[in-house]
Amino acid sequence: MAVVAVAVVTLGAMTGCGSGGDPGLDNHGVTLRVETPPQPTSGPFVVVAVDNHFHDIHYQERNLINENRPFEVKNEGENLHNFTVVGTNISIDIKPGHEFVWPRLGNVLKPGNYRVICKYHTYVHPPMGGHFTVTP
Ligand SMILES: [Cu+2]
């Protein structure tokens, strides 16, 4: 039993998705299947969408992304998701198994703070979304 408990704690620590306080994880008893490793500090910043949650841009974390980095959003869930950047005209649908890539984030979003929602999952509590900051 102790071994199982340790394994669960380790997984939670790796993903930043511990059961403690992520407002996106009101899963009504369902355990999320897909987990992601920690983000590297260079190369593409990859956001993974699952059902119905965005990894890597959690509300309770500061997500600082340099404008020179590529930015990528992958849908690893089984539902259609959407990446809407509030206050811009960016609203991109991402089918299951698909992704989009911006080769340089700063070409799309100037340095600043941004909030993201999935327009299809605004009814979950809290809505499927997140936030990040583009840094110069
Ligand atoms: Cu969604």
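Me: Is D56 buried or exposed?
Reply: This is a predicted model, in which local features need pLDDT of at least 70, side-chain atom pairs count only at pLDDT 80 or more, and totals for chains, interfaces and linings use all residues. Residues are numbered from 1 along each chain as its sequence is written. A residue is buried if 20 or more other C-beta atoms, placed from the backbone, lie within 10 Å of its own, exposed if 12 or fewer, and partly exposed in between. D56 has 22 C-beta neighbours inside 10 Å, so D56 counts as buried.

Me: What is the phi of D56?
Reply: D56 is found in the loop between β2 and β3 (64-66). Strands (E, at least two residues) are DSSP runs, numbered from the N terminus. Most residues other than glycine have a negative phi. D56 is not a glycine, yet its phi is positive, at about 80°.

Me: Which residue does a cis peptide bond join to D51?
Reply: Most peptide bonds are trans. Here omega is about -5°. D51 is joined to N52.

Me: Where is P126?
Reply: A cis peptide bond joins H125 and P126, with omega about -5°. P126 has its place in the loop between β8 and β9.

Me: Which are the edge strands of the open sheet of 4 strands?
Reply: Two strands pair if DSSP finds at least two bridges between them. The order is β2-β1-β4-β7, with mixed pairing. An edge strand here pairs on one side only. The edge strands are β2 (53-54) and β7 (99-102).

Me: Which residue in β7 stands opposite E72?
Reply: β4 (residues 71-75) and β7 pair in the antiparallel sense over 4 bridges. Opposite E72 stands V101.

Me: What is the average twist from one strand to the next in the open sheet of 5 strands?
Reply: This sheet has the order β3-β9-β8-β5-β6, with mixed pairing. Its edge strands are β3 and β6 (91-94). Axes are lines fitted to C-alpha atoms, and angles run from 0 to 180 degrees between N-to-C directions. The twist averages 30°.

Me: How many bridges pair β8 and β9?
Reply: β9 covers residues 129-135, and the sense is antiparallel. Y114 stands opposite F132 in β9, and I117 stands opposite G129. The pairing of β8 and β9 runs over 6 bridges.

Me: Which residue in β8 stands opposite T84?
Reply: β5 (residues 81-85) and β8 (residues 112-117) pair in the antiparallel sense over 2 bridges. T84 stands opposite I117.
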